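User: Could you walk me through this model, starting with the overall picture and then going down to single residues?

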Amino acid sequence: AACGQVDELGEPEEKTYEDVPELLIVEVDNAALEIIPDDTDQVRVVREASGDAGGDWELVGDTLTLEVRCGAISDCRVGYRVYVPADTALAVETDNGAVDVSGFTAPIELASANGTVEVSDVTGPLTLTSDNGDMNLTGIGSDSVSAATDNGSIDAVFSEAPTEVEVSTNNGVATVALPGGPYAVFETFDNGEVVNELPTDD
C-alpha cells in the first residue's frame with residue numbers, strides 16, 4: 001500500500017460516533033492521518049481513498065482502528081481525518097504514514113514506525129516517538145515534552161517556556177527553540193556535537 005495526502009484522494013466517506021472517549025486510542029496502518037479539534041461532542045472520521053482500497057475503519061470502545069487493504073494489483077492511497085473535541089486525550093500509533101495533530105489541550109502520546117510527525121499549537125503534555133521519520137513541532141505551549149526518533153530530525157519551536165523538555169535522536173539533527181529563560185541544560189551525545197545557545201542558570 002502507498003500513502004498519500006488527503007487532497008490527492010477521491011470522494012470522502014464519513015462516519016460519526018456520539019460517544020467521545022476520555023482517552024481516544026487511534027491505531028493506523030498504511031495511511032496518512034490528520035487529527036483536528038472540533039467544537040462538537042462527537043468523533044467524526046472522514047476517509048478518502050484512491051485505487052482499490054479496502055479495510056475496516058471503526059470506533060469500538062475507546063479504540064479507533066483505521067485499516068487499509070489494497071487490492072492485489074492496486075497502488076491504493078488512503079487518508080483519514082479525525083475530528084474530536086480539543087480536550088480529548090490522544091494515544092496514537094501508526095505503522096506507516098504521515099501524522100498531523102494540531103490544536104489540542106489534553107495529553108498526547110504518539111508512536112510512529114515510519115513517517116513524518118507534525119504537531120502544532122498544542123498545550124498538553126507531549127510524548128512522541130518515531131522509528132523512522134522527521135518530527136516538526138511548532139507553536140508548542142506544553143509544559144512537558146519528550147520527543148525521540150531513531151532515524152530522523154527533530155525541529156521543535158515553543159510558544160511558551162516549558163518546565164521540562166527531553167529530545168533525542170540516534171541519527172539526525174535536533175533543533176529546539178525556546179522563549180525566555182534561563183534554563184538548566186543537560187547534554188549528552190555519542191556521535192556529533194551539541195550547540196547550546198540558550199541562556200542557562202549556571
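Analyst: What follows is a short talk through the strands, the core and a few residues. This is a predicted model, in which local features need pLDDT of at least 70 and side-chain atom pairs count only at pLDDT 80 or more, while totals for chains, interfaces and linings use all residues. Residues are numbered from 1 along each chain as its sequence is written, and side-chain values use heavy atoms, with hydrogens and water left out.

User: How many helices and strands does the protein have?

Analyst: The protein has zero helices and 19 strands, where helices (H or I, at least four residues) and strands (E, at least two) are DSSP runs numbered from the N terminus.

User: What is the strand order in the open sheet?

Analyst: The order is β6-β7-β2-β10-β12-β14-β16-β18, which makes eight strands with mixed pairing; two strands pair if DSSP finds at least two bridges between them.

User: Which strands stand at the edges?

Analyst: Those are β6 (57-60) and β18 (164-169), and because each has a single partner strand, one side of each is left without a neighbour in the sheet.

User: And how do β14 and β16 run?

Analyst: Strand β14 (residues 126-130) and strand β16 (residues 144-149) run parallel and are joined by five bridges, and Leu128 stands opposite Ala147 in β16.

User: New topic: is Thr94 buried or exposed?

Analyst: Thr94, which is found in strand β10 (residues 89-94), is buried, with a relative accessible area of 2%. Buried means under 20% relative accessible area, exposed over 50%, and partly exposed in between (1.4 Å probe, protein chains only). Not counting residues up to four places away in sequence, Thr94 touches Val28, Ala31, Val99, Ala111, Ser112 and Ala113, where contact means heavy atoms within 4.5 Å.

User: What about Phe186, buried or exposed?

Analyst: Phe186 is exposed, with a relative accessible area of 79%, and its place is in the segment after β19 (174-177).

User: Which residues touch the most other members of the largest nonpolar core?

Analyst: Leu33, Ile35, Leu66 and Val82 do, in a core of 41 residues. Strand β9 (residues 77-85) gives the most to this core, with four residues. A nonpolar core is a set of buried Ala, Val, Leu, Ile, Met, Phe, Trp, Tyr and Cys residues joined through side-chain atoms within 4.5 Å.

User: What is Leu66 in contact with?

Analyst: Leaving aside neighbours within four places in sequence, the contacts of Leu66 include Val26, Val28, Leu33, Trp57, Tyr80 and Val82.
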